[in-house]
Amino acid sequence: MKRFNLSTYILSAVSFILLFSLNIKAQDDQVDYQNVEIRNPAGTTIYAENNTEIQGNPLIKDSFENGRILFTSGKASDIIPINYDSYKNEVLFIENDKFMVLNTTGVKGFMFTPPADFASSNRVQEVYTLQLRDKEFGFSEPTPVQVLYNEGSGTQLLAYHHTSLMKGNSKDPYTGKVINRYINSTDYFLKMKDGNVKKLRRLRDKDIIKALGKKYKKPLKSFMKDNDLDGRSEKDLAKLLAYYDENLAGDN
């Protein structure tokens with residue numbers, strides 16, 4: 001699938017935020033969106049204003065990638081270029097060469113189209129849900145959380161991508177500008193069958209096995225070894241959880 005790089009569209013960005021409604025095709029579903037300005041998002045500097053620069057990138061993708069919006073009705077949009085601003089908590093997409101912010105009413109999430117090398121990679125298909133709220137994570141508004149594993153058993157492996165802004169405390173000696181920086185982070189969580197959510201230290205087999213419980217340590221470690229699985233591979237960790245769900249989870 002063709003990728004849409006942000007820099008291709010910089011010159012077409014408008015000077016001010018324009019508000020108007022647009023519909024995206026999704027069979028019977030119609031959702032309204034708003035047009036929004038994005039300045040210089042493809043470079044290392046996101047924007048510069050009042051002698052202050054912000055370096056880094058709050059977007060989870062270096063360029064807009066093809067994907068679909070997933071509706072609560074169970075339907076999906078046509079394939080469109082999508083990205084996510086993890087600082088502003090805004091799902092973005094491109095429609096008719098314009099940058100748009102997604103109105104999440106009636107939306108349960110979004111997913112990216114697997115790349116051409118997906119089969120040979122160690123990554124799972126990228127699906128994001130906006131349906132985790134106060135009970136699970138304390139989100140007061142819809143916030144995308146990547147679903148790394150969810151086979152309907154109740155066990156889920158989740159990744160929360162977020163960005164903070166680190167304020168600069170000194171001026172650049174050459175430009176006189178204060179440099180602020182976006183700091184990107186990812187937190188991983190294991191949601192248990194009983195609804196309990198445990199935060200993982202890292203996305204590793206050892207951390208998942210520890211969260212599942214000491215009684216499962218030996219069979220899970222043996223499964224990893226016997227099947228020559230990589231403890232850092234998203235796909236292999238999904239296999240580990242599938243094995244747990246199918247063979248061990250009922251052993252109380």
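Visitor: How much space lies in the second largest pocket?

Guide: A pocket is an open set of points on a 1 Å grid over the protein atoms alone, where a 1.4 Å probe fits, with protein on both sides within 12 Å along at least five of seven lines. Volume is the space filled by probe spheres set on those points, joined across faces, edges and corners. Here that comes to about 290 Å³. Keep in mind that this is a predicted model, where local features need pLDDT of at least 70, side-chain atom pairs count only at pLDDT 80 or more, and totals for chains, interfaces and linings use all residues. Residues are numbered from 1 along each chain as its sequence is written, and side-chain values use heavy atoms, with hydrogens and water left out.

Visitor: Which residues are closest to the centre of that pocket?

Guide: Lining residues have an atom within 4 Å of a point. Of the 20 in this lining, Leu 59, Ile 60, Tyr 128, His 161 and Thr 186 are the closest to the centre.

Visitor: And how do I read aromatic pairs?

Guide: Rings of Phe, Tyr and Trp (its six-membered ring) pair if their centres lie within 6.5 Å; planes under 30 degrees apart are stacked, over 60 edge-to-face, the rest tilted. That gives 10 aromatic pairs here. Phe 137 and Phe 139 are stacked, 5.3 Å centre to centre with 10° between the planes. Phe 139 and Tyr 160 have centres 5.1 Å apart and planes at 55°, so they're tilted.
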